[in-house]
Amino acid sequence: DLAAGGGSRSPARGSAAPVNRFGREPEAPPVYTTSSSIQQAFALLLAATALAFGAAIGVRVTFFAVFTPAPGGSEAAAVLLQLAALPMSLVATGLGVALVAVALKWVLLGKQLPGTSLPMASHAYVRRWAVQVVVDSVQSFVLMPLRGTFVINVWLRALGAEIGENVVIDTIDVSDPDLLVVGDGTVIQRDAVIRCCRVAPMEARLVLNQVVIGRHAVVGPLAHVVPTLRGPKPGEAAPLLPDGTRLPAMASTDRFNSAAPLTHPQGAFTPLLPVKQQLVGLALVLAVHSLSLLPASLLVRAAVTTAVSSGGGLGTACALVLALSFTLVPGVAYCALLVAFKKLVVGKFLDGEEQDTDEPRAGCGSLLGSALGGRLRFWVWSKLLSSPLYLGTLMPLSFTPLVPWYFRLLGASVGRNVWMVPPNSLCEFDLVRIADGCFSGGDYALFPTGSDGVSRLLVWGEQSGVTDRALCLSGASLGPRAVVGDMTVVGAPVPSESITVGEPPMRFPLPALTDADSAAGNPGDSAARAAAAAAGGAA
């Protein structure tokens with residue numbers, strides 16, 4: 001109207017209502033009133049109460065072990081009692097919160113149907129949001145180390161998903177799982193995102209639709225699977241990803257063209273183990289978690305015993321020890337146990353080593369690691385590195401010298417003046433070579449082992465690095481002062497003095513260094529400028 005010379009955006013009286021480019025009249029935005037805020041506050045309270053109720057069983061087991069007098073007054077017997085109770089406490093807590101989440105989902109939502117439209121700020125939307133908060137909490141804090149196991153399949157089936165046989169789901173980022181159908185033999189790789197809903201453009205509503213993934217398909221790491229807005233027509237059962245489709249890393253079904261040539265390897269190594277081997281591996285994972293909680297349990301017992309037998313300032317100090325033991329000690333103990341486990345059980349990862357095999361590993365530098373097959377060793381180690389105790393301890397230390405120092409303990413070669421965030425999904429630390437002055441953004445991922453199961457060196461040259469959500473697949477390496485930009489996937493060597501961004505990747509020359517940047521001991525300025533240039537190129 002303004003372009004035509006009209007003085008107002010309002011339509012003339014008697015004229016047709018304005019429509020958007022989708023041919024529909026735009027709806028009013030959601031109005032969040034006091035009633036809506038009360039609904040969300042009540043939903044959060046309900047979610048917290050449900051999780052606390054589910055965790056009550058495990059807490060009771062822990063308190064019984066901590067405060068039960070040792071048989072015969074022996075401290076050694078008290079330690080053994082707590083060590084025996086901790087695995088049961090972890091299992092009971094996980095089962096408790098999972099069962100409560102499943103029950104809450106079916107009571108509040110029931111079976112969700114394709115095509116359901118939920119106006120935002122409505123009662124139905126808030127109910128779904130509350131259930132999703134509980135489900136996401138269980139997946140983030142309980143099921144994180146269980147990605148890629150049969151437990152995830154059982155969990156999604158309990159929430160209503162249809163999961164076929166021999167399916168590997170190495171992600172927890174799944175919404176509205178009762179609208180998900182996965183065919184036999186499909187592999188969903190690390191941190192892929194599956195959404196069975198999407199927001200209608202120009203409309204204030206959430207639309208639920210079914211996501212069907214065919215048989216023997218592969219969804220690459222960090223790929224996005226989202227349904228079409230209107231979904232399949234009635235009577236149609238066409239899958240979103242047909243049988244045998246391979247969705248590359250960080251690709252999206254919205255823009256995926258199966259006929260287009262690939263510019264990088266399709267994914268990462270995601271092993272499939274028989275259930276018996278998975279149970280053996282999960283027993284090792286549970287044992288390491290239990291041992292990491294033992295120091296905190298002993299500190300709690302000592303603090304409470306001292307506080308009861310005394311009072312005043314000493315009682316306050318014991319309460320402080322009690323609080324710190326639950327927040328700091330388990331994570332530090334877990335990271336220390338990972339170093340010991342790596343040396344004694346996992347051993348070294350070698351360049352060109354085949355991981356997709358059950359044959360014993362020779363030359364890995366560990367007696368127990370030499371007796372394990374590559375597939376089981378890789379599987380157990382990846383589950384341990386997915387724990388919230390590991391990630392929650394290292395993430396606050398990002399861009400400090402402690403992260404490179406810890407990675408050196410795990411076998412990586414990291415130079416001086418390196419500023420980085422702990423990468424997602426990295427297991428093969430022995431294959432990582434990071435030179436002086438390198439940098440990283442956040443939420444990036446490194447996969448030295450490719451989808452063929454072969455591990456390869458991953459080298460970063462001097463003053464090179466990656467920015468936010470970049471992905472380095474097997475075969476990638478960075479030359480000196482090479483930069484990989486935001487949300488860019490590389491699976492081949494990146495030339496020196498270049499910035500690589502986009503999909504397909506585009507390369508630009510790196511800006512020349514100034515005299516100040518070239519000064520000795522000051523590589524951080526050029527690294528920061530390169531990261532900013534990469535982010536600008538991605539934009």
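The model is predicted, so local features need pLDDT of at least 70, side-chain atom pairs count only at pLDDT 80 or more, and totals for chains, interfaces and linings use all residues. Residues are numbered from 1 along each chain as its sequence is written, and side-chain values use heavy atoms, with hydrogens and water left out.

**The parallel sheet**

- Four strands form an open sheet in the order β3-β6-β11-β13, with parallel pairing.
- Strands (E, at least two residues) and helices (H or I, at least four) are DSSP runs, numbered from the N terminus.
- Two strands pair if DSSP finds at least two bridges between them.
- β3 (168–169) and β13 (246–247) stand at the edges, each with a single partner strand, so one side of each has no neighbour in the sheet.
- β11 (residues 218–219) runs parallel to β13, and two bridges join them.
- V219 stands opposite L247 in β13.

**Strand β9 and its partners**

- β1 (residues 117–119) pairs with β9 in the antiparallel sense, over three bridges.
- L118 stands opposite L206 in β9.
- β8 (residues 197–199) is also antiparallel to β9, again with three bridges.
- C197 has L208 as its bridge partner in β9.
- β8 and β9 form a hairpin with five residues between them.
- In a regular strand the side chains alternate between the two faces of the sheet.
- In β9 (residues 205–208), R205 and V207 point one way, while L206 and L208 point the other way.
- All four are buried, meaning under 20% relative accessible area; exposed means over 50%, and partly exposed lies in between (1.4 Å probe, protein chains only).

**Nonpolar cores**

- A nonpolar core is a set of buried Ala, Val, Leu, Ile, Met, Phe, Trp, Tyr and Cys residues joined through side-chain atoms within 4.5 Å.
- The largest core has 94 residues, and W155, W381, Y390 and F407 have the most contacts inside it.
- Helix α7 (residues 329–346) gives the most to this core, with seven residues.
- Apart from this core lies another, of nine residues, among them L222, A249, A268 and F447.

**Positive phi angles**

- Most residues other than glycine have a negative phi.
- M202, in the turn between β8 and β9, has a positive phi of about 65°.
- M250 is not a glycine, yet its phi is positive, about 60°.
- M250 is found in the loop between β13 and α5 (275–309), and is buried, with a relative accessible area of 13%.
- R469 has a positive phi near 60°.
- R469 lies in the loop between β19 (465–466) and β20 (471–472), and counts as partly exposed at 24% relative accessibility.
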